[in-house]
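Student: I have a structure to look at and I'm new to it. Can we walk through it together?

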Amino acid sequence: MDENPFEETATLRSDVGALLAGLPLFSGLDPAFLREVASVAEWLSLPGGAKLFSAGDPPDALYMVLSGCLGAFAPDPIRRRFIARIAAGEMVGEMGLISGRPRTADVVALRDTELARISARTFNEVLRSQPEAMLRIARLTVDRLAQTQSQSALAAAHNRGACTFTVLPQSMEVDFGGFATKLVKALSALGRAELVWSVRAKTHTSQWFNRIEAANDYVVYVADPTPDRWTKLCVRQADALLLLARAESPAGSWAALRWPHDHSMAPQRSELVLLHDSGLETGAAARWLLELPDVPHHHVQFPADYSRLARVLTGRGVGLVLSGGGARGFAHIGVVKALREAGVPVDLVGGTSMGAILGAGVALRWSIDELTERFRRAFVDSRPLRDYTLPFVSLVSGRKVSTRLYEAFGDLAIEDLPLDFFCVSSNLTTGQTMVHRRGTLWRWLRASVAVPGVLPPVLHHGEVLVDGGAMNNLPVDAMRELARGPVIGCDVGADRAFTARSDDIDVPPPWQLLRWIKARRQCPTIFQILWRSGMVNSAASSIAHRAQSDLILQPPLADVDMLNWDAFDRAIRAGYEYAARRLEELPADSPMLRCAADA
């Protein structure tokens, strides 16, 4: 039988009543009553990683988190799903006492946690003697139910990000001291931040750590590469483990994570951080991700990368999502220019079709001049859609598009991009959207722009992939899944695509074709029809995804045809002028302007 993880302590018992008074359930109640409750409450210490209770256990008590934090997980036999975080000042277990039903979730200490336990008997006495407390607990329960049933609330909870971090170096070759110092400096721009080393804290108690965390918004612990006592303590204290490695080194595992323990009881999220000595090394990320296949990763190369990492880790990273829209997509260049001039950082990028290609350039940190020059050369000068072919699969062969994409991005993988990036394609075989976060960049961009009937589809492992705009032209949902912070959506495909000025049903007979062709400007071309048909099914999802954006930008582009590549400069200007105006109109408390102030 396992040892009981609860260890009763007399620490701060004289002040239990004051601590209870700060909790929502007991705030404002009679101090004498609170002292009485405190006298019968059990004070427990739960080490990080230990389980408080399991799904199916009887509801024998409620618990109040006095310091540290807990995590609630759905009891999935294959992979535990995170439900909620219970921070200091919050309760857990009260719903079971009210309903009398068994526990519905596993609750685990995310770090060393101090708890006050009130038994079911004491709880019932509280409700009988204090009607006001009963009303409050009912309200808290309703709020808890509303939060668990609301996807937006869950997303908001995740967006709060982490508060305590443990830097876990892969080996002594990694400059983990320098990294931790620079990270704390970047975190200091977002709030109070403190760096904790073993020489300073090795002999302190859990109460000392609690005071450090209570006095700061962010705390960074620096662990050792070896699995010693200090490293184990750091891991238990962390909301997030920063697995630090040199990108150029051979990929390896982390010895500090190999001590004997129950892996199911290690709920902290992990983030891989690759330090680059010089330029970004192609293939380095893929090599390290073989060791950590399900772990998010970050590249750190320049001083500004520390600020970006701090924003992303704390739920303040700005995600930019760019829609498809053919030639109208050039407006994205103007939007990016306006964002940069306003100081709004772009920390993550995603897109569909033309938005995906432009987003890849943003993720590579191309300047506005470079974006403009590259896209002018690739689309205006080159005309990649003019390699016509027999229309067995499509109107054009796609070779020029593939060539231009390979010329621009080579063998670069998505995971090698300096900024987190994804693009979207539509899987006609499964009828589902595919989000590409890893793999060869140019190939998945080619799938994302494969307008059905215009460009050939990309065939991959027996599946047929076409333009992402066929199913999801504004993939804000894919960015929201990352839960890194506010999202800017730029939709250039919302305006009417084209109109017709004649009332025709059929193509005329051959002897009337010449007159009909001369009047072709009055009716849409086959390119326009196919291009628009490939986007129209995602109109409903685009409306929903606009609503999910913290800031939605829709430049006025009705006078720019989706296939008019010569409108290049006009589209950029329209995007810039519109975005600059919208940013000036934002209220001072806008998440975007707060992020600009933090950057």
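Tutor: We will take the aromatic rings, then a sheet.
Tutor: This is a predicted model: local features need pLDDT of at least 70, side-chain atom pairs count only at pLDDT 80 or more, and totals for chains, interfaces and linings use all residues. Residues are numbered from 1 along each chain as its sequence is written, and side-chain values use heavy atoms, leaving out hydrogens and water.

Student: How many aromatic pairs are there in the whole structure?
Tutor: The search finds 10. Rings of Phe, Tyr and Trp (its six-membered ring) pair if their centres lie within 6.5 Å; planes under 30 degrees apart are stacked, over 60 edge-to-face, the rest tilted.

Student: Why is the pair of W366 and F409 called stacked?
Tutor: Their ring centres are 5.7 Å apart and the planes are at 5°, so the pair counts as stacked.

Student: Are W366 and F409 buried or exposed?
Tutor: Both W366 and F409 are buried. Buried means under 20% relative accessible area, exposed over 50%, partly exposed in between (1.4 Å probe, protein chains only).

Student: What lies over the face of W366?
Tutor: R374 does, at 4.1 Å from the ring centre. The rule: NZ of Lys or CZ of Arg within 6 Å of the ring centre and within 35 degrees of the ring normal.

Student: New topic. What is the strand order in the open sheet of four strands?
Tutor: The order is β3-β8-β5-β6, with antiparallel pairing. Strands (E, at least two residues) are DSSP runs, numbered from the N terminus. Two strands pair if DSSP finds at least two bridges between them.

Student: Which are the edge strands?
Tutor: β3 (51-53) and β6 (81-87), each pairing on one side only.

Student: What stands opposite K51?
Tutor: V108 in β8.
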